[in-house]
Each structure stands twice: as C-alpha cells, then as structure tokens.
Amino acid sequence: MAKRYHKNKAKQIAKNHMDNLEDQIDKQRFVDASLAQKYLEMIRRLSRKFKIPVSRTIKRQYCKQCHILLTPGLNARVRLRDGKRVLYCYSCKNFTRTPYSKKKEN
Ligand SMILES: [Zn+2]
C-alpha cells in the first residue's frame with residue numbers, strides 16, 4: 001500500500017513537471033526552438049512513463065509523424081477548412097485535422 005501511495009505521488013510530481021514544461025515551451029518556441037523541442041520530448045517521455053495523457057494544447061502543437069514541435073509561420077501551416085483546422089508539417093508533409101467550433105458570444 002505504501003508503494004502505491006508513493007507511485008501516485010510520483011505521478012503527481014510528473015504532472016506538475018509537464019505543466020511547467022508546457023509553459024516553458026510557450027516561452028522558448030521563438031527564442032530557442034531546439035530547447036522547446038527538447039521540452040516537448042520530455043513531456044512525451046513523462047507521458048509514456050507515468051501514463052499521463054499529453055494535454056490537448058500540446059497535442060495539437062506537434063506533428064504525430066515526426067514528433068516535431070509545430071510553430072505556424074516557422075515550420076507549419078494552419079488553414080481552416082470545412083470546420084476543421086488543418087495543420088501542415090513542413091518537414092514530413094503530414095496533415096493533422098482537428099475540428100473546431102465557433103464559440104457563440106451570447
Ligand atoms: Zn511532421
């Protein structure tokens with residue numbers, strides 16, 4: 001039982017760490033792209049090790065094929081088409097489509 005508690009605690013720490021890394025990615029992506037990429041890899045590694053799902057915001061910011069951090073205008077293109085957000089990766093030419101909905105302002 002004690003071991004189990006310990007495991008949950010480690011998971012909690014990992015999750016906090018992932019949140020911090022997410023903030024760091026936002027800060028570093030235009031400053032040092034390779035550092036931001038490193039942070040992304042750390043997030044993915046933690047996610048696999050502790051079975052924590054990668055947050056939605058991060059999930060939509062990297063290429064699922066070549067695992068590169070996508071920054072629109074830098075190494076990716078974003079287009080809105082038929083209610084879907086199409087993210088195009090320049091390095092492997094892969095498309096990712098995610099649906100989006102217009103928020104009603106009333
Ligand atoms: Zn790619």
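Six residues of domain 1 are in contact with five residues of domain 2. Contact here means that two C-beta atoms, placed from the backbone, lie within 7 Å. On the domain 1 side that touches domain 2, helix 2 gives the most, with four residues. That side divides into three nonpolar, one polar and two charged residues. For the classes: Ala, Val, Leu, Ile, Met, Phe, Trp, Tyr, Cys and Pro count as nonpolar, Asp, Glu, Lys and Arg as charged, and the others, Gly among them, as polar.

Some ground rules. This is a predicted model: local features need pLDDT of at least 70, side-chain atom pairs count only at pLDDT 80 or more, and totals for chains, interfaces and linings use all residues. Residues are numbered from 1 along each chain as its sequence is written.

Now the layout. The domain assignment gives domain 1 (1–59) and domain 2 (62–106). Those bounds come from an automatic or database domain assignment. The two centres, taken over C-alpha atoms, are separated by 22 Å. The chain has three helices and three strands. Their order from the N terminus is α-α-α-β-β-β. Both kinds of element are DSSP runs, numbered from the N terminus: helices are H or I with at least four residues, strands are E with at least two.

Next, overall dimensions. The C-alpha atoms fill a box of roughly 50 × 40 × 25 Å along the principal axes.

How much of the chain is buried? Buried residues make up 13% of the 106. A residue is buried if 20 or more other C-beta atoms lie within 10 Å of its own, exposed if 12 or fewer, and partly exposed in between.

On to the core. The largest nonpolar core has 13 residues, and Leu40, Tyr62, Leu69 and Leu70 touch the most other members. Such a core is a set of buried Ala, Val, Leu, Ile, Met, Phe, Trp, Tyr and Cys residues joined through C-beta atoms within 7 Å. Helix 2 supplies the largest share, four residues. This core draws at least three residues from each of domain 1 and domain 2. Which residues does Leu40 touch? Leaving out residues up to four places away in sequence, Leu40 touches Ile25, Tyr62 and Leu69.

Last, contact range. Of the contacts with a separation of 6 or more, 33% join residues 24 or more positions apart.
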